[in-house]
Every structure is written in C-alpha cells, then in structure tokens.
Amino acid sequence: MELIDQFLEFEEKYNLLQKKIDGYYYWRHHRFQIYQEIQEKKTHNASADLVLPKVTVKDRAVRLVNKFVIGKRKNPLLFKGRCDILVLNHERRMYVDGLYRPIYFESILKDVNNFIILEPPNMLQQHYAPISYERETYYTDLMEGMVTLYCKTHTYKNKLLGEELDKIFTELANYLSVNFDVEKLKSYILRSVWEYPMRKKYYEKLLNKCKPKVILEVVSYNRDQMIVNELAKKQGIPTLELQHGTMGRYHIAYNYSGKKDFPQLPDKVLLFSKYWKNVTRLPQKDENILVTGYPYMEEMVRKYKTNKKPKKNTILFISQKPIGRDLSKFAVALLDKLKGEKEEYRIIYKLHPAECPSWEEDLPELCTMRNEIEVISDPSVGIYRLFSESTTQIGVYSTAIFEGLAFGLKTYILDAPGKEYMQDLYQKGYAQLVNNIGQINNNCLEDKDMEFWEDNAKEKIANIIQGLL
C-alpha cells in the first residue's frame, strides 16, 4: 500500500478528522503539514520551501513593527463601499509586464466592479511591488502582528492536547514505519489552537464589514482560508476554489477516503479539466466539482504559442527544490552527451523561485556549466515564453509540465522522488519516464490530444460567479 493510502486509512481508522479542541478541528487544519513532514522523512526528500535567511532578534522586531505600519495602512477593516467578491489570494504573485499579478484571478476580475483582494505576507514576510489592483488589495499584516505579539507574551501550551498528539503521532509513526519531527508538529499545532480564536474573530469582523456575495480562493487547505470557509458557511456566503496546480491522487490536501462535508472546505471546486476530477479523490459531492479551465494559462497559450519551430532543438529543464540536485546533474550529463552530436542543441534550466537565492551553492555541477547551460535564475522570466522557444521539456512533478504539454513539447519525466504525481502522464503516453540520458530521443514520443485543459475558461468561471451574484 502506498504512503498516502496508508495515511488516509490511519486517518479514518482513528477518526482523526473529528478531533477538535475548543471548537478547533486541528487535524482538518493541519493534515497537509503533517503529511508533508512524514513524506519528506519517508522519501528523504528536501523541503520544497524557500530556505529563509537567519533572522536576528532585531530583524524580528523590525518585521513586527512593519506589520503594524503596513497593516494599518492596508487594513481591510477600513474598506468602504460594496464588495461583491472577496478574493483570498495566493501569497505569491507572478511578475508579468512590469507588475506583480494575481494570475489565478486577474482575467476574471477585469469584468468585476466591486471586489477586494486579501493577501498575507509572502515567504519573506514582505509584499510585492509594484502590483496590479493596488487600490483593491488589502493585507492581513495587522492581524498577523497582533497574533504574533499575543503569542510572544502568553504561553500556548496545552497539556491534554500535547498528550493526545504524542499518542497519535507515536501510533502514526509505527503505522507508517517512519520517524518524523513530532515536537515540531506539536509546537505548530499547539500555537495554532491558541491563535484560532483571534484569527476567527478577525475574519468574522471582515466578513461582517465587507458583506461579500461570493468568496474566491486558491489554497483551500491554508489555515486562514479554512477559517474563512467555516465562517462563510454560517453566513450563507458561497465559497469557490480555483485549481492552482497539480492535484491527482498523491496531493493529500485534495484526497480523502470518501466524500466529506466539512465547513472548512470550499463549497465548490473549479478544475482545469475533467482529467483532474477523475484522478483526484476530492471530498466534495460530484455536483460541486465543476470543470471550467484555467484562464491565465489559456491566455498565455494564445499569446505565445506559434506554429514556428525553434531554429535548434531546445531542451527546457523545469526544476524544483526537492529534486533540483538530481535534475541538474541529469542536465549536465545530457549536455556532455549532446556535445558529440551533429545537431545543434540549446539547453535551458529554469530554476524554481525557491531555488534562486542559493542555487550556486546547492547545485554546484550546474553552476560550473553556466556558460553552456542557460540557467534562468530570475523569477520574473516567464515560463510561457520559454515554452514557446523550446521543443522538449524535462522535469519531475511541476504543474508547469502540464502547461508545457499545451505548447506541444516532447516531455520526459525524470525517475526521481515525486514522479508518482505524473504517473498518468507516462502511463498514457503523454510523456516518457527516464532514468538515464540515453533514453532522451525525441522520435519516441508522438503528439496527442490534450485532456488537461478545458477551453473558454474565463467565460465558464464568469458565468458561475454571475449565477451566484
């Protein structure tokens, strides 16, 4: 039995989704983080998160002050006017045409007059600038600052919950035959339990102030979005989640053992295509799982895809932090092999934003070949333009691989941790699973009709929202 199936079985066996303390269903809120920690230890895989620089006491103090300064200026509780749509945006925006943009929503919001965008700080506890929709964007910094200050001045230990978590995690470790950082998870959950009333009160005030008719979100398994969903259910506000990346049967946040009806879940999920509905064990009822498409990706295909082929075979490597070392070594080995070929090749290596700050140290083999392999270390360089310049793509489990298929790229999946997310791709013949450079042969892959993207996405999503308004 695979790890995710074992986890789901354990979760069901011990009725963990019903575990709560003081009204906080801690397992529902943190099953993603728990599984992620276990998966990293089980596979000996690196975290996908950005490695953050060390923060001094002084840095923390400055950040806290900034939270209050920025939060006061961009406080959503100061909003005045009508708000038809509340957008809970991803903390990461994409740099496009001189602005950082909320790409999952932008094309939809162009035709909406009354909306606000709510954003948390990004991984570096900062905000992007310059941004689109500056006037409509508000930040959660003030609430985050108040929560931080409160937790600094109060203890959030809970003996009974700590003992309960010890018991659950001990049994879970034995069940899955894996050792993981129990204290780290315990500390995170205990603090979240302590924070819950403050966060809930804040979002309750926000909903009462803005009175949105619809809530749009992209990461429903985020703790705060779960709190908003919970409150929205009580107030009768419909919540819609737009798919923002790969789902499939290996993404724990979107897979449950059977249908569930929790208030922490969004009412409806809007998917890229029927494919994602078929391969993901989503908890919502079928009538609440809607196939709409991905507006931004559709726009980018129209903008960049041409019938004009690149002058030379161009191989695009799509990297990610957990598999960067393996993939970069493969790129270097492939370069050595291609030096003996008559045909001209171009190799592009697109780093994930989490890799960019430290890639020269983390990927030494790639660094030594930077004059012969084009390393894209600037996160603002758009991947869609790179797709249009390429003939082949190689990666492991990035969502971008599916987008590259929409550009007609020959696709190879490196046999590395995470490949299971792409199992359907290589089993159905959309891609080939490879573990050595000798298997890279563009003649062995044929073009196939895509089933991963639905057309006319903007219109379909707009119609759903309009129906709710």
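I started with C83, which counts as buried at 3% relative accessibility (buried is under 20% relative accessible area, exposed over 50%, partly exposed in between, with a 1.4 Å probe and protein chains only). C356 is buried too, at 12%.

Before going on, I noted that this is a predicted model, where local features need pLDDT of at least 70, side-chain atom pairs count only at pLDDT 80 or more, and totals for chains, interfaces and linings use all residues. Residues are numbered from 1 along each chain as its sequence is written, and side-chain values use heavy atoms, leaving out hydrogens and water.

Next, disulfides (a pair of cysteine sulfur atoms within 2.5 Å). I searched the whole structure and got zero. For C356, the nearest cysteine sulfur belongs to C367, 13 Å away.

Then the sheet. I used DSSP runs numbered from the N terminus: helices are H or I, at least four residues, and strands are E, at least two. Strands pair if DSSP finds at least two bridges between them. I found an open, parallel sheet of seven strands, ordered β5-β4-β1-β6-β7-β8-β9. Its edges are β5 (137–139) and β9 (289–291), each with a single partner strand, so one side of each has no neighbour in the sheet.
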